[in-house]
Amino acid sequence: MTRTLTITSPIDGSVVGTVPRRTARDVRTAYSRLAKAQREFASAPLAERLRVTKLLATTLLENRKKLADLLVREIGKTPAEADTEVIRTADIVTGTIREAKRQRPEVIKDAGNPKRRQEVGRMPLGVVLAISPFNYPINLAITKLAPALAAGNAVLWKPSTQGSVVATRFAQGLYAAGFPRQLLAVITGSGSELGEALVTDPQCGMVSMTGSTETGQWIAGRTGAIPLFLELGGNDPAIVLADADLDLAAKHIVGGAFKLAGQRCTAVKRVYVVRSVADRLVRKIDAEVAKLGPAGDPREHPIGPLVDDSAARRQRRLIADARKRGAKVIRGGTVHGRYVEPTLLDKVPQRAAVVREEQFGPVLPVIRVKDADEAVRLANDTEYGLQASVFSRNAKRARAVADRIDAGGVHLNGPDQRGPDNFLFTGHKGSGLGAQGIRFALESMSKPKTTVTNR
Ligand code: NAP
């Protein structure tokens, strides 16, 4: 008999659904089936690969409301956040198809022999293992599935446990629409139980994983010499210089920090502000935070619950630690159950846990600094390097600061974010390995294959 896992809603603890609790043996069986089907799919014409890929988008659009409702209940998103996730993901699939049609083999000439030339084409990798996180269970899975399929791979998808109901419902919709079952298997169950079998199977052609730095590093220590793509945690700083437009900075910082109750890799997680404008900035940030209102049911409040009890308890610990170290609570600071009131902390020391760790909650620490040099030094004093933002009216000064920040991307006078999805997105240091973005993802899910013509 198949064992099951019951998934409950972070909103009110009600049951969202049950999913199979798979075993290492199920993983091996799935790899074998997928590998067999992939060998045939690898030689299918591009039009066939793209027909299959397109079913991802049609299934999303046809099930838009059902999937968005599940994202609300299973993850605790607001209905608007949930709907955006579904629609944006369908657009990524369409963009991936467009890009795949544009790709051509590159021709390189032999400088010493005009008759000799090399054609560089691309080949699929085999079975791609796609591991997705809880915070964008549809988006951060399909940004792997679409390029993998378009490039001719089969996919073994391990969704996060919280998020596995929406994942299995999506897959059911896909199969019902005629998607070939043998090219995609969904393996549900605990990552820590299945991890070893998933990442060390000899039939795994690539691991593409999004999640925490801890899990990513565990995986990196176990895979063999196969392509590895990791999108990991972030602790993104926003730097506000003395000449910044403070209204603009406050608006983007709050938008970036509190969306999805702060549970985003690219959320603004620390603010470094030059002392001379700190009082004014904190007042403006506070006014923006006040507009969010109290945390509550995401169908009625912009700030919903955290994903589980332990995530909320963590915020309580981080707030208490910051207080103990002398930080001032400007707003919020309380936690009830899984709900954390939007919290603004001022005069937080760099050594506070809320600055050192990826807090992943609606808690924003402000650190006051002497000047841009100190801001850059403290912003870089972290194991992470996903994104950052710099606010200054002087474009040259903002750019000079951005160039000194060790992060995959820096936004000038705008919020940290992943999109638009044709932009390259990457993390440095503990924030990851490899690049996302439609074209880059497609390239990463194939390997070069050359043919040399001699006459
Ligand atoms: P997580 O706990 O690391 O889990 C991510 C995925 O890995 C889940 O599917 C999880 O399954 C699986 N997993 C756990 N242990 C595993 C193992 N030993 N072997 C193989 N798979 C394993 O992360 P999360 O809490 O879901 O997501 C939040 C984290 O993701 C944050 O750190 C956030 O910054 C990061 N993130 C990064 C990006 C980016 O683009 N850089 C985007 C979104 C999120 P289970 O759920 O069953 O444990």
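Buried means under 20% relative accessible area, exposed means over 50%, and partly exposed falls in between (1.4 Å probe, protein chains only). The legends below use these words for a predicted model, in which local features need pLDDT of at least 70, side-chain atom pairs count only at pLDDT 80 or more, and totals for chains, interfaces and linings use all residues. Residues are numbered from 1 along each chain as its sequence is written, and side-chain values use heavy atoms, with hydrogens and water left out.

**View 1. Leu-60 in helix α2.** Let's start with Leu-60, which lies in helix α2 (residues 46-62); helices (H or I, at least four residues) and strands (E, at least two) are DSSP runs, numbered from the N terminus. Leu-60 is buried, because its relative accessible area is 0%. Contact here means heavy atoms within 4.5 Å. Leaving aside neighbours within four places in sequence, Leu-60 is in contact with Leu-67, Val-86, Thr-89, Ala-90, Ile-138, Ile-142 and Phe-170.

View 2. Is Leu-46 buried or partly exposed? Its relative accessibility is 37%, so Leu-46 counts as partly exposed. Not counting residues up to four places away in sequence, Leu-46 touches Ala-100, Lys-101 and Ala-150. Leu-46 and Ala-150 are 104 residues apart along the chain, yet their C-alpha atoms are separated by 7.6 Å.

View 3. The domain assignment gives domain 1 (4-232 + 431-453) and domain 2 (236-419), with bounds that come from an automatic or database domain assignment. Their centres, taken over C-alpha atoms, are 31 Å apart. Where they meet, 24 residues of domain 1 are in contact with 23 residues of domain 2. About 1,900 Å² is buried between the two domains, with carbon and sulfur atoms giving 55% of this area; buried area is the accessible area (1.4 Å probe) that two parts lose on being put together, summed over both. On the domain 1 side, Pro-10, Ile-11 and Ser-431 lose the most area to domain 2, together 28% of what that side buries.

View 4. How many salt bridges does the rule find across the interface of domain 1 and domain 2? There is one, where a salt bridge is a side-chain nitrogen of Lys or Arg within 4 Å of a carboxyl oxygen of Asp or Glu. Glu-231 forms a salt bridge with Arg-418, and their closest N and O atoms are 2.6 Å apart.

**View 5. Asn-135 and its neighbours.** Asn-135 sits in the loop between β5 (127-131) and α5. With 4% relative accessibility, Asn-135 counts as buried. A polar atom of the Asn-135 side chain lies 3.0 Å from the backbone oxygen of Gln-263. Beyond residues up to four places away in sequence, Asn-135 touches several others, including Ile-75, Glu-85, Leu-260, Arg-264 and Phe-360.

**View 6. His-411 in strand β19.** His-411 is found in strand β19 (residues 409-412). Its side chain makes a polar contact with the side chain of Gln-387 (3.1 Å).

Methods: Polar contact = N/O pair within 3.5 Å; in protein donor to acceptor, adjacent residues only side chain to side chain.
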